[in-house]
Amino acid sequence: MARLPIPGSDTGAWGQILNDYLAESHNGDGTLKANVVDTNAVQNAAITQSKLSSGAGNAGQVLGTDG
């Protein structure tokens, strides 16, 4: 199991330990891996209406509004 490095410890291995830890949820380019952030991780009201896509839905989707 990956862990964070311990300050004052992990001499010579600090970078690798940190990279192993970050690789648990990040791709090599620093972006988040798919499905790392789910609905339980997003706080209420954290995403504003302006940040949501205003595009039309795809065929077969059910679209709704609170409007």
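This is a predicted model: local features need pLDDT of at least 70, side-chain atom pairs count only at pLDDT 80 or more; totals for chains, interfaces and linings use all residues.
Reader: Is Ala 45 buried or exposed?
Author: Buried means under 20% relative accessible area, exposed means over 50%, and partly exposed lies in between (1.4 Å probe, protein chains only). Ala 45 has 78% relative accessibility, so Ala 45 counts as exposed.

Reader: What is the phi of Ala 45?
Author: Ala 45 is not a glycine.

Reader: Which relative accessibility does Asn 35 have?
Author: Asn 35 lies in the segment after helix 1. Asn 35 is not a glycine, yet has a positive phi of about 65°. Asn 35 counts as exposed, because its relative accessibility is 76%.

Reader: How many helices and strands does the protein have?
Author: Helix 1 spans 14-22. The secondary structure of the protein comes to 1 helix and 0 strands.

Reader: Why does the protein count as more spread out than a compact globule?
Author: The radius of gyration is taken over C-alpha atoms, and the globule rule is 2.2 Å times the number of residues to the power 0.38. For 67 residues that rule gives 11 Å. The protein is more spread out because its radius of gyration is well over that, at 19 Å.

Reader: What box do the C-alpha atoms fill?
Author: The box is taken along the principal axes. Its dimensions are roughly 55 × 25 × 20 Å.

Reader: How far apart are the C-alpha atoms of Gln 49 and Ala 13?
Author: Gln 49 is in the segment after helix 1. Gln 49 is exposed, with 65% relative accessibility. Gln 49 and Ala 13 are 36 residues apart along the chain, and their C-alpha atoms are separated by 44 Å.

Reader: What separates the C-alpha atoms of Gly 28 and Gln 43?
Author: Gly 28 lies in the segment after helix 1. Its relative accessible area is 91%, so Gly 28 is exposed. Gly 28 and Gln 43 are 15 residues apart along the chain, with a C-alpha separation of 27 Å.

Reader: What share of the residues count as buried?
Author: The accessible surface of the protein comes to about 6100 Å², with 52% of that belonging to carbon and sulfur atoms. Such areas come from the Shrake-Rupley method with a 1.4 Å probe, and for residues only the protein chains shown count as cover. Of the 67 residues, the buried share is 4%.

Reader: Which residue forms a salt bridge with Arg 3?
Author: A salt bridge needs a side-chain nitrogen of Lys or Arg within 4 Å of a carboxyl oxygen of Asp or Glu. The count by this rule is 1 salt bridge. Arg 3 is partly exposed, at 37% relative accessibility. The closest N and O atoms are 2.8 Å apart, and the partner of Arg 3 is Asp 10.

Reader: Which residues does Asp 10 touch?
Author: Asp 10 is found in the segment before helix 1. Asp 10 is buried, because its relative accessible area is 18%. Contact means heavy atoms within 4.5 Å. Leaving out residues up to four places away in sequence, Asp 10 touches Arg 3, Pro 5 and Ile 17.

How values were computed: Residues are numbered from 1 along each chain as its sequence is written. Side-chain values use heavy atoms; hydrogens and water are left out. Helices (H or I, at least four residues) and strands (E, at least two) are DSSP runs, numbered from the N terminus.
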